[in-house]
Amino acid sequence: MTPRSRRAARARTLAAGLCAALAGSGCRGHGPSAAAAALYVKNCASCHAEDGRGVPARRGLEPRLDLSRSKMLAKGDRGLTSQRIAWGYNTMPGFAHKLTPGEIEDLVAFVETFAPVE
Ligand code: HEC
């Protein structure tokens, strides 16, 4: 290895490390970012559960907590999904005051990974 390629390799390693640490902006690969997963765990998992199927204690009363059975997500209408997250509906709280439009967009991509496959 030449000194130059060694330097390049080191830079790549550093960039990968930074991506892992920052998890998000500019480091996005395919699919939703790690930042979106963290946002989901922080803001959504208390009701929808980490696996997206809804916390069992509430799922009986509010079956739509189970995102893996969501007809809306199955349709893949991102505009509608982001509106739901931003403004909430029924007992689902809105997050427009708490999250940026970019974060909401990331969450749309993230919850789509729970969607039923038709
Ligand atoms: C306080 C509990 C609660 C939290 C926190 C919450 N939700 Fe919900 N969410 C609900 C409930 C309840 C429904 C179903 C509302 C209904 O039955 O009409 C729902 C519905 C949804 C739906 C639509 C499902 C469908 O098919 O209608 C999506 C998408 C969704 N939530 C995403 C999220 C995301 C993303 C977050 C975090 C930013 C989040 N929710 C946080 C309670 C919550």
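A49 sits in the loop between α3 and α4 (56-59), where helices (H or I, at least four residues) are DSSP runs numbered from the N terminus. Although A49 is not a glycine, its phi is positive, at about 70 degrees. The model is predicted: local features need pLDDT of at least 70, side-chain atom pairs count only at pLDDT 80 or more, and totals for chains, interfaces and linings use all residues. Residues are numbered from 1 along each chain as its sequence is written.

**Loop residues with positive phi**

- Most residues other than glycine have a negative phi.
- A49 counts as buried because it has 20 C-beta neighbours inside 10 Å; a residue is buried if 20 or more other C-beta atoms lie within 10 Å of its own, exposed if 12 or fewer, and partly exposed in between, with C-beta atoms placed from the backbone.
- N90 is not a glycine either, and has a positive phi of about 50 degrees.
- N90 lies in the loop between α6 and α7, and it counts as exposed because it has 7 C-beta neighbours inside 10 Å.

**Surroundings of the ligand**

- There are 24 residues around the ligand, and C44, C47, R64, S70 and M92 come nearest; a residue is near a molecule if its C-beta atom, placed from the backbone, lies within 6 Å of it.
- At least two residues of this shell come from each of α3 (45-48), α5 (71-75), α6 (78-87) and α7 (101-112).
- The shell holds 13 nonpolar, seven polar and four charged residues; Ala, Val, Leu, Ile, Met, Phe, Trp, Tyr, Cys and Pro count as nonpolar, Asp, Glu, Lys and Arg as charged, and the others, Gly among them, as polar.

**Packing of α6 and α7**

- The axes of α6 and α7 are 9 Å apart, and the helices pack at an angle of about 115 degrees; axes are lines fitted to C-alpha atoms over the stretch in contact, and angles run from 0 to 180 degrees between N-to-C directions.
- R78, T81, S82, I85 and A86 of α6 meet I104, E105, L107, V108 and V111 of α7; two residues are in contact if their C-beta atoms, placed from the backbone, lie within 7 Å.
- Six nonpolar, two polar and two charged residues make up this contact.

- A74 is in helix α5, and its C-alpha atom is 5.7 Å from that of P116, 42 residues away in sequence.
- D77 is in the loop between α5 and α6, and 9.8 Å separates its C-alpha atom from that of E112, 35 residues away along the chain.
- D77 counts as partly exposed because it has 13 C-beta neighbours inside 10 Å.
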